[in-house]
Amino acid sequence: MSDSLAVDLTCIDCGREHGLGYRLECEACRGLLELRYDIPMLRERGPGLLDGHGLWRFAPVLPVADPVHRVTLGEGATPLLDCPRLARELGVRALSLKLEGANPTGTVKDRSSATAVAAALQFGFRAISVVSSGNAGSSIAAYAARAGLRALVFAYARAAAPKLLHMAATTPDLVLYEGVYDDLIVLWDQLVGERWFFDGGASRNAYKHEGKKTLAYEIAEQSRWHVPDVVVAPVAVGETFIATARGFRELAAAGWIERAPRMVAAPASRAKALRRALHAGAAITPLKIGYTVAEGLAAGDPGRKGAWVLRLLREHGGDAGDAEDAAILDMQRRLARTEGVWAGPTGVAALAVLARLLTERRIDPGQRFCVIVSETGLKTEAPPPSREARAFDMESLRHLVKERLAV
């Protein structure tokens with residue numbers, strides 16, 4: 001595996017540069033930090049720099065220097081699936097889906113969990129913690145177990161049962177919390193500074209969210225370096241959106257792609273503070289939210305990263321939409337029956353947002369779209385289909401087949 005080409009941590013507000021230590025905010029202005037890399041070296045060596053398979057194929061553009069610390073469960077290299085039937089239904093020129101449910105714990109979170117746990121090892125931590133509405137908790141717990149770290153996971157009490165079962169299996173330190181994500185994260189963030197554990201959350205840690213940047217690199221590589229016109233990314237706090245957008249900008253700066261695609265942010269309607277701020281030309285006003293089927297997007301107050309997403313949308317001409325729970329569940333069924341993909345509500349929310357933007361004629365259908373589908377449907381908690389059964393003889397069986405399949 002190649003060495004990391006990470007150079008420093010740079011403040012997104014004042015531009016101050018910091019060394020590559022464990023730091024969560026700027027020492028001058030307390031702004032958020034992003035990792036920067038040796039772009040001239042990336043330009044000089046080109047895609048031939050990449051080696052191996054999966055997420056750590058992109059080690060040169062990830063911040064973990066020692067290969068010993070690069071923990072893996074086989075994440076990355078997920079399918080980029082062309083979806084011609086659904087594209088026709090939506091009336092778009094071309095549609096591809098980045099199927100993140102193919103990751104080891106069934107979610108895009110595995111990308112950031114890999115770099116979070118690797119960085120925790122790099123900086124000598126023995127424990128990692130996260131506040132989760134579901135997917136992040138099961139992912140962090142699994143990767144911590146793989147690395148031999150303790151994982152203190154605070155999970156939403158109404159998280160889907162498959163996610164809670166997964167967390168309970170992989171960590172003995174699972175704590176359920178009442179209320180929603182926004183209710184606990186502010187208190188938990190204050191404890192991060194006391195260094196009881198490595199920050200596995202989505203609010204500040206540049207090392208954690210860096211793993212999701214590989215989404216952009218994979219989409220570009222799988223598209224033969226001719227990226228889609230528009231990429232739609234789910235948004236809760238904003239980690240997936242920020243990391244993916246920056247990955248595309250790095251690729252463009254290094255000359256690996258001609259230009260970065262336009263980014264569209266996709267929150268659920270019950271957490272639409274970002275969309276509302278963008279269209280009003282205002283700052284984000286936090287919302288008090290309740291339950292949404294897209295539980296991974298249940299953040300009414302996206303905090304400083306939400307403001308970062310808003311800034312990126314304005315600076316680079318992006319857009320944001322939202323989708324109601326009913327539309328998300330309808331898209332879940334529609335995707336399964338048109339393309340055979342069973343994704344969870346959090347996973348299909350971005351696709352439901354795209355459908356709404358097209359219906360409202362806010363986006364040009366004559367473009368090539370890529371939607372990040374962030375989770376598998378196998379983690380969904382929902383009532384099973386009817387278990388009403390029947391007995392057959394040959395005559396009744398033949399009658400049913402003819403009735404169902406007759407043209």
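This is a predicted model: local features need pLDDT of at least 70, side-chain atom pairs count only at pLDDT 80 or more; totals for chains, interfaces and linings use all residues.

**Helix α4 and its surroundings**

I began with the buried residues of α4, which pack against α3 (109-122), β6, β7, α5 and α7 (206-209). Here contact means heavy atoms within 4.5 Å, and buried means under 20% relative accessible area, exposed over 50%, and partly exposed in between, with a 1.4 Å probe and protein chains only. Helices are DSSP runs of H or I with at least four residues, strands are runs of E with at least two, and both are numbered from the N terminus.

Residues are numbered from 1 along each chain as its sequence is written, and side-chain values use heavy atoms, with hydrogens and water left out.

Next I looked up how covered α4 is, and found that 10 of its 13 residues are buried, among them Asn135, Gly137, Ile140 and Tyr143. I then checked its length: the expected span is 1.5 Å times one less than the number of residues, so the 13 residues of α4 should span 18 Å, which agrees with the 19 Å between its end C-alpha atoms. After α4 comes glycine 148, with a positive phi near 80°.

**Strand β7 and its partners**

I asked how far strand β7 (residues 150-156) is enclosed: 5 of its 7 residues are buried, so the strand is largely enclosed by the rest of the structure. Two strands pair if DSSP finds at least two bridges between them; by that rule strand β6 (residues 127-132) pairs with β7 in the parallel sense over 6 bridges, and isoleucine 128 stands opposite alanine 151 in β7. The chain goes from β6 through helix α4 (residues 135-147) to β7, a β-α-β crossover that is right-handed. A crossover has that hand if, with the strands pointing away from the viewer, the path from the first strand over the helix to the second runs clockwise.

I followed the chain onward and found that β7 also pairs with strand β8 (residues 174-177), in the parallel sense and over 4 bridges. In this pairing valine 153 stands opposite leucine 174, and tyrosine 156 stands opposite tyrosine 177. With helix α5 (residues 161-170) between them, β7 and β8 make a right-handed β-α-β unit.

**A three-stranded sheet**

I looked up an open sheet of 3 strands, and its order is β2-β1-β3 with antiparallel pairing. Because β2 (17-18) and β3 (33-37) stand at the edges with a single partner strand each, one side of each is left without a neighbour in the sheet. Strand β1 (residues 6-11) pairs with β3 over 5 bridges in the antiparallel sense, and leucine 9 stands opposite leucine 35 in β3.

**Nonpolar cores**

A nonpolar core is a set of buried Ala, Val, Leu, Ile, Met, Phe, Trp, Tyr and Cys residues joined through side-chain atoms within 4.5 Å. The largest one has 100 residues, and Leu42, Phe241 and Phe248 have the most contacts inside it. Apart from it lies another core of 36 residues, including Ala268, Ala349, Val353 and Leu354. Turning back to phenylalanine 241 and leaving aside its neighbours within four places in sequence, I found contacts that include Pro234, Met263, Val309 and Leu313.

**Cysteines and alanine 94**

How many disulfides does the structure hold? I found 0, a disulfide being a pair of cysteine sulfur atoms within 2.5 Å. The sulfur of cysteine 26 has its closest cysteine sulfur 3.6 Å away, in cysteine 14, too far for a bond. For cysteine 370 the closest is in cysteine 83, at 9.6 Å, which is also too far for a bond. Cysteine 26 is buried at 2% relative accessible area, and cysteine 370 is buried at 0%.

Alanine 94, in strand β5 (residues 94-99), is partly exposed at 23%. Alanine 94 and cysteine 370 are 276 residues apart in sequence, but 8.4 Å apart in space, C-alpha to C-alpha.

**Two arginines with positive phi**

Arginine 195, in the loop between α6 (181-192) and β9 (198-199), has a positive phi of about 60° although it is not a glycine. Arginine 361, in the loop between α13 (345-359) and β13 (368-373), has a positive phi near 55°. Arginine 195 is exposed at 51% relative accessible area, and arginine 361 is exposed at 78%.
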